Structure formats: structure tokens, C-alpha cells
Amino acid sequence: MELRVFTEPQQGATYDELLRVAKAAEDLGYGAFFRSDHYLAMSGDGLPGPTDAWITLAGLARDTSTIRLGTLVTSATFRYPGPLAISVAQVDAMSGGRVELGLGAGWFAEEHAAYGIPFPSVGERFDRFEEALAVVTGLWKTPVGETFTFDGQHYPITDSPALPKPAQSIPPVVIGGMGKKRTPELAARYADEFNLPFASTDAAQTQFDRVRAACTSAGRDPESMIFSNALVLCCGTTEADIARRANVLGREVDELRANGAAGSPAEIVDKIGTYAELGSSRIYLQTMDLSDIDQLELVASEVMPQL
């Protein structure tokens with residue numbers, strides 16, 4: 001089981017704060033540093049404001065050296081897929097091949113309204129998402145010296161030189177969510193990893209099974225898919241520490257114990273074990289308090305060795 005750090009900078013973060021967490025995660029042995037791709041806080045004032053996901057990752061690509069970097073997840077509504085493929089390829093090259101692209105259809109209507117971004121219907125968003133996956137991966141797969149053409153309804157591509165190329169042959173693609181039909185089908189076709197955030201073990205089992213079935217239907221070995229989960233982190237060695245960290249999150253301890261990676265290190269080892277039994281091999285620990293490096297150190301010293 002690999003533990004990864006997952007942050008939500010739309011709640012308010014500077015680049016320097018994110019860099020501090022990313023470097024700590026790297027030094028402590030976490031597998032990756034991921035961040036959300038949002039432009040509006042879900043609660044609170046969000047000061048000093050959001051940071052752009054791919055600008056952040058470009059900086060981290062140069063300011064870190066070994067930890068993997070990615071988004072959970074980039075919204076397909078925010079960026080045309082051609083320029084997105086260029087951005088991700090460049091950041092991958094800047095990092096020496098450490099980037100992963102989490103990509104989703106987009107869901108948060110208010111942030112689109114707040115920054116003038118079109119927000120189509122659910123059906124159209126998924127149509128655009130599907131085309132974006134085809135374009136981004138198609139551009140990366142096109143051999144140097146050849147061109148890429150795609151007859152898309154939303155994103156037609158004509159004779160693209162499909163440059164630049166990423167350092168990796170194709171950066172891993174992460175898809176996730178609870179959609180019953182199109183999400184598993186798209187994951188089976190395009191994803192290296194399927195991620196399910198903040199879901200119970202029963203919900204995770206159901207959705208993982210849908211993805212496995214979609215892989216089989218598509219002629220793909222389900223074992224070739226990496227399965228992962230995201231859980232909010234609230235770890236402490238004493239009840240007082242756990243309660244203090246839960247209060248910072250604005251959550252109740254009992255609720256976090258039920259729905260997150262919360263409690264003592266031993267409790268968190270047990271919780272992660274329940275997801276491992278479902279086939280999950282990566283846990284993204286949602287880290288909301290970017291100043292609390294002590295919590296990441298505790299998990300690294302007391303949880304990681306038990307996994």
C-alpha cells in the first residue's frame with residue numbers, strides 16, 4: 001500500500017505553503033504529492049485565494065526531485081485538451097518524468113460562474129471529457145514526425161504535430177468517481193488508475209466491481225488497473241490531538257472515524273487495511289491543514305511501516 005498526500009489549495013494556500021508540504025512529503029517517503037484543481041473555496045474565505053494546479057506543479061517539478069506529482073483531478077471544463085496536453089507534457093519534462101494526470105468532467109458550478117468558465121449540462125460535460133481523454137492521450141501517443149487528427153464534435157484536431165512529448169512515454173492517467181456507466185467505461189479505455197474519493201467500503205466495492213466489469217467488456221485485464229481511494233486525514237497519538245485536528249477541519253471525531261482515515265495510527269492502519277482488501281493499492285490522504293507537518297511525520301513513522 002502506497003500513501004500519497006492530497007491537498008485542497010482552493011481553500012486558501014500560497015505556493016510556498018504547498019512547496020513546504022510537498023518537500024516534507026518527499027523527505028518522509030510519501031509516494032506522491034497531489035492537489036485538487038479548483039478555483040473557488042467550498043467553505044471559509046479561501047484567503048489568500050486559489051493557486052492554479054498546473055502552474056503549481058510546474059514549480060514543484062523544479063523544486064522537488066523524486067516525489068511524483070499530479071492532480072486529483074483536473075477539470076476538463078477548464079482547459080482545451082490540446083493546450084492541456086502541452087502543459088502536462090512540459091511539466092512532465094520539467095520533473096524528469098514524475099507527473100500523473102487526473103482528469104474529470106467537472107462538477108462545481110459556482111466556480112465556473114465565479115471565473116467566467118462555461119458550464120454545460122452533465123451530458124455535454126461527459127461528451128467533452130471523453131473527447132479530451134482521446135485528444136490528450138492521442139497527442140502523446142503520436143510518434144515524432146507524424147501528425148494527429150481527431151474528428152471530434154467539440155475538439156476537432158487537424159494535422160497536429162503532437163508536440164512536445166512528455167518525458168514518460170505516456171504520463172499515467174487517473175479517472176475516478178461514482179458514475180455507474182460512462183465513468184467505468186472511460187476508465188477501462190483510458191485510465192491507468194481508478195480513484196474513488198471519500199467513499200465507504202461498500203460503495204468502493206460496488207464501483208471497483210463496475211470498473212473491473214467494464215475492463216473485461218473492453219477486452220482489458222482488470223488486473224492492469226490500479227485502484228485507489230482518497231480519505232481525509234485526522235491522526236493523533238492522544239484523543240486530545242485527534243479532537244484538536246478534527247476541530248481545525250470543522251468535523252466531528254466520531255464522523256471522521258467512520259468516514260475518514262482518523263484516530264490513532266493503529267486505527268488508521270486498520271482502516272487502510274479494509275480498503276486494501278477491496279483491491280486498493282494507494283490511499284490519498286487529504287491533508288487540509290498545510291501547517292501541520294507534525295501529522296505527516298506521525299503517519300510516516302507510525303502508519304507507513306505497518307502497511
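Glu 255 counts as partly exposed, at 30% relative accessibility (buried means under 20% relative accessible area, exposed over 50%, partly exposed in between; 1.4 Å probe, protein chains only). Its side chain meets that of Arg 251 in a salt bridge (2.8 Å, N to O); the term denotes a side-chain nitrogen of Lys or Arg within 4 Å of a carboxyl oxygen of Asp or Glu. Arg 251 is also partly exposed, with a relative accessible area of 31%. Elsewhere, salt bridges that share partners join Glu 2, Arg 4, Arg 68, Glu 100, Glu 193 and Arg 282 into one network.

The model is predicted: local features need pLDDT of at least 70, side-chain atom pairs count only at pLDDT 80 or more, and totals for chains, interfaces and linings use all residues. Residues are numbered from 1 along each chain as its sequence is written, and side-chain values use heavy atoms, with hydrogens and water left out.

The structure holds 18 salt bridges. Glu 130 pairs with Arg 182, with the closest N and O atoms 2.9 Å apart. This pair links distant parts of the chain: Glu 130 lies in helix 5 (residues 122-141) and Arg 182 in helix 6 (residues 182-190), 52 residues apart. Helices (H or I, at least four residues) and strands (E, at least two) are DSSP runs, numbered from the N terminus. Arg 257 bridges to Glu 239 at 2.8 Å between the closest N and O atoms. Arg 257 belongs to helix 9 (residues 253-259) and Glu 239 to helix 8 (residues 239-249), so the pair ties together parts 18 residues apart in sequence.

Helix 2 spans residues 53-63. Its buried residues are Ala 53, Trp 54, Thr 56, Leu 57, Ala 58, Leu 60 and Ala 61. They pack against helices 1 and 3 and strands 2, 3, 4 and 5, contact meaning heavy atoms within 4.5 Å. Asp 52 caps the N-terminal end of helix 2, with a side-chain oxygen 3.1 Å from the backbone nitrogen of Trp 54.

Glu 26 is found in helix 1. This residue is buried yet has no salt bridge. The nearest side chain of opposite charge, Arg 98, is 4.5 Å away (Lys and Arg count as positive, Asp and Glu as negative; His and the chain ends are not counted). A polar atom of the Glu 26 side chain lies 2.6 Å from the backbone nitrogen of Thr 66.

Key: A polar contact is a pair of N or O atoms within 3.5 Å; within protein, one must be able to donate a hydrogen and the other to accept it, and residues adjacent in sequence count only if both atoms are side-chain atoms.
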